[in-house]
Amino acid sequence: MKRKLLILSLLVLSAAITAQEGNIDRLKKNISDYGQAEIRFKNPGKKDLAFISGKISVYNANRDYAWALVSEADTAYMRIFPYSYVLIDPPDSKAVLSALSAEEAMNWESYPTWQQYDTIMHKLAEDYPLICRLDTIGESINGKQVLVLKISDNVQTDEAEPEVFYSSTIHGDELAGYVLLLRLAHTLLSNYAPGRLEAQLIDSLEIWINPLANPDGTYYGSDTINIPRRFNASGEDLNRNFPDPTVSGTVPEKENVDMINFMKGRNFVLSANIHSGAEVLNFPWDRGEVLWDGRVHADSSWFFNICRDYVDTVHLYSTSGYLNDLFSAGSYPGVTRGDDWYEVNGSRQDYVNYERQGREVTFELSAAKQSPASDLPLLWDYNHRSLLRYLSNAFYGIHGRVIDDDTEEALRAKVYIPGHDKDSSHVYSDSLSAYFVRLLDMGTWNLEVSAEGYQSKSISGIEVSDFQQRFLEVRLRKDTSDIPEVQPGKLLLWPVPAAGSINIRVPEGFAAVARLDIISSEGRLVYSKQHNLEGDYLRDIPLNGLASGLYIVKLRNSSGKTLKESFVVR
């Protein structure tokens, strides 16, 4: 019996491979002509589909079928692809109408050329210089700038405000979000007036908008959108190419390296990545049931609620059936957890939520990847209220500052919820502004706040209400448990020998303020500064640039009393 089953399996596999050989020439021609080939095949089930998504770029799935886009690098795998597939003809690009000028493009009923897009981004910054600044995330492989706008009331300053981020078209052929975000930026700026939601958002947030994350894909082969493709110039799917704890050896593409560095320079508390190809909001994790031991994000309920709020608002203004996709039994129309739909590794959403402790959702806002220009006004009418409302989620939850109790300097501290946080769902306060935001469902929460070199602090019974903000100022005291004992009348220096810095402890009651001098063995003054003593010690006195050798520390208080001690720099 086993032998018969084995023979039958081999016959099925042989037939599938023979069928692929018949398709492979057409597939290769589509790749040559359009930069990619689209296929549809029967959904083989979650486990097998998760494996396939690691080989080719699966972009949609339902109970019956799965869809994928194949690049030139995938053709070798497609020769042994274990399932029969159907090639799908590329969409007619005539519906992707290009504007004749930047002015026409800003009617938002057509797509800009590359030069028009660059002009519009510069124009927005030039027309609204007090609240808008143009920046770059980096450059594509082919040298196109990946542009981003910062919109805020004090746009040249990094304020202690929540930072939020919208980005679109990481897949170059998913076009709707590209124009939606351009129009959103223009709407925010042109409607900046007292009493409007746009003004409230701009005055209270730092908003970053990147309409086009993959310019080489969108403008594949031309500076006009003729044959946009999913992949970047090297044929990689950028939304499967971010570092992932379940995959070793991922080498991010240039665009992703630049995006990662950009994100590391900011502290985004809320973000969204806009796609096309379905009509659903997809929240973490994209890897889960199969690829990540069935893990669910600690804040899965909160993610579901903000996605549902977005969708419910859309449904008030859209035609019946829009943003209504269902991917699992009993799920909410237009909302899904990523791994309930289909699983992938290396998505930007999972990178932001795991590696950056952010809160990012994937918006799939058009069933058509290359949305016809005639659909753009309708998509805007359906979504613009929700796009604004989504940003306002950054106002709610627990906000606060974490500072040094003595100096009131900003601290980078971990803000953790015991018994709730897992898989990197905690957040950090900003090292420059001290600001943190912990977005949460309604309820009563306990926080534990910790920073290196400081005593941790627990805060219990914090009440969080929907659409309300709780603000906390958290003051941490230095952890003095590792400070050595000092002998009466003497200075204590450690570590000795010293390298980049040195710590100093003085006898009790010596002074609150003292002048610190460091003198070389040749008698040269190499450091001199007045210090406020933190209790009876000074920490991390910098020794940058000091040559190896013997030095003398001299500490003098306001009464003229002086203490001296020598130390060695290695």
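## Overall picture

Helices here are DSSP runs of H or I with at least four residues, strands are E runs of at least two, and both are numbered from the N terminus. On that basis, Gly-294 lies in the loop between strand 10 and helix 10. The model is predicted.

The chain has 13 helices and 26 strands. Its C-alpha atoms fill a box of roughly 90 × 70 × 50 Å along the principal axes. The chain has 570 residues, and 53% of them are buried. Take the contacts in the chain with a separation of 6 or more: 68% of them join residues 24 or more positions apart.

## Helix 6

Helix 6 covers residues 176-190, which makes 15 residues. From its first C-alpha to its last it reaches 21 Å. That is close to the 21 Å expected at 1.5 Å a residue.

How many residues of helix 6 are buried? The count is 12 of 15, and the helix is mostly covered. Among the buried residues are Leu-180, Leu-181, Leu-182 and Leu-184. Gly-177, Tyr-178 and Thr-187 are also on the buried list.

## Helix 10

Helix 10 runs through residues 300-317 and has 18 residues. Its first and last C-alpha atoms are 27 Å apart, close to the 26 Å expected at 1.5 Å a residue.

Its buried residues include Trp-302, Phe-303, Ile-306 and Tyr-310. Asp-309 is buried too. What do the buried residues of helix 10 pack against? Their partners are strand 9 (268-275), strand 10 (278-283), strand 11 (335-337), helix 12, strand 12 (360-366) and helix 13 (376-391).

## Helix 9 meets helix 12

Two packed helices are described by the angle between their axes and the distance between the axes. For helix 9 (residues 254-264) and helix 12 (residues 348-355), the angle is about 35 degrees. Their axes are 12 Å apart. The crossing is right-handed.

Which residues meet? Helix 9 brings Met-259, Ile-260, Met-263 and Lys-264. Helix 12 brings Arg-348, Tyr-351 and Val-352. By class, the contact of helix 9 with helix 12 has five nonpolar residues, two charged ones and no polar ones.

Asn-345 sits in the loop between helix 11 (338-341) and helix 12. Is Asn-345 buried or exposed? Its relative accessible area is 18%. Buried means under 20%, so Asn-345 is buried. Its side chain makes a polar contact of 2.8 Å with the side chain of Thr-246. Another polar contact, at 3.5 Å, links the side chains of Asn-345 and Asp-244. Not counting residues up to four places away in sequence, Asn-345 touches Asn-239, Arg-240, Asp-244, Thr-246, Val-247, Arg-287 and Leu-291.

Ser-110 lies in the loop between helix 4 (102-105) and helix 5 (114-127). Ser-110 counts as buried because its relative accessibility is 3%. Setting aside residues up to four places away in sequence, Ser-110 touches residues including Leu-97, Ser-98 and Ala-99. Val-179, Ala-373 and Leu-376 are also among its contacts. Val-179 is itself one of the buried residues of helix 6. Gly-294 has a relative accessible area of 41%, so it is partly exposed. Leaving aside neighbours within four places in sequence, Gly-294 is in contact with Gly-288 and Glu-289. The C-alpha atoms of Gly-294 and Asp-339 are separated by 8.8 Å, and these residues are 45 residues apart along the chain.

Key
Residues numbered from 1 in each chain as written. Predicted model: local features only at pLDDT ≥ 70, side-chain atom pairs only at ≥ 80, totals over all residues. Heavy atoms only, no water. Axes fitted to C-alpha atoms, helices over the stretch in contact; angles between N-to-C directions. Left-handed = near helix turned anticlockwise from the far one by under 90°. Contact = heavy atoms within 4.5 Å. Nonpolar A, V, L, I, M, F, W, Y, C, P; charged D, E, K, R; others polar. Buried < 20%, exposed > 50% of the residue type's maximum accessible area, 1.4 Å probe, protein only. Polar contact = N/O pair within 3.5 Å; in protein donor to acceptor, adjacent residues only side chain to side chain. Expected span 1.5 Å × (residues − 1).
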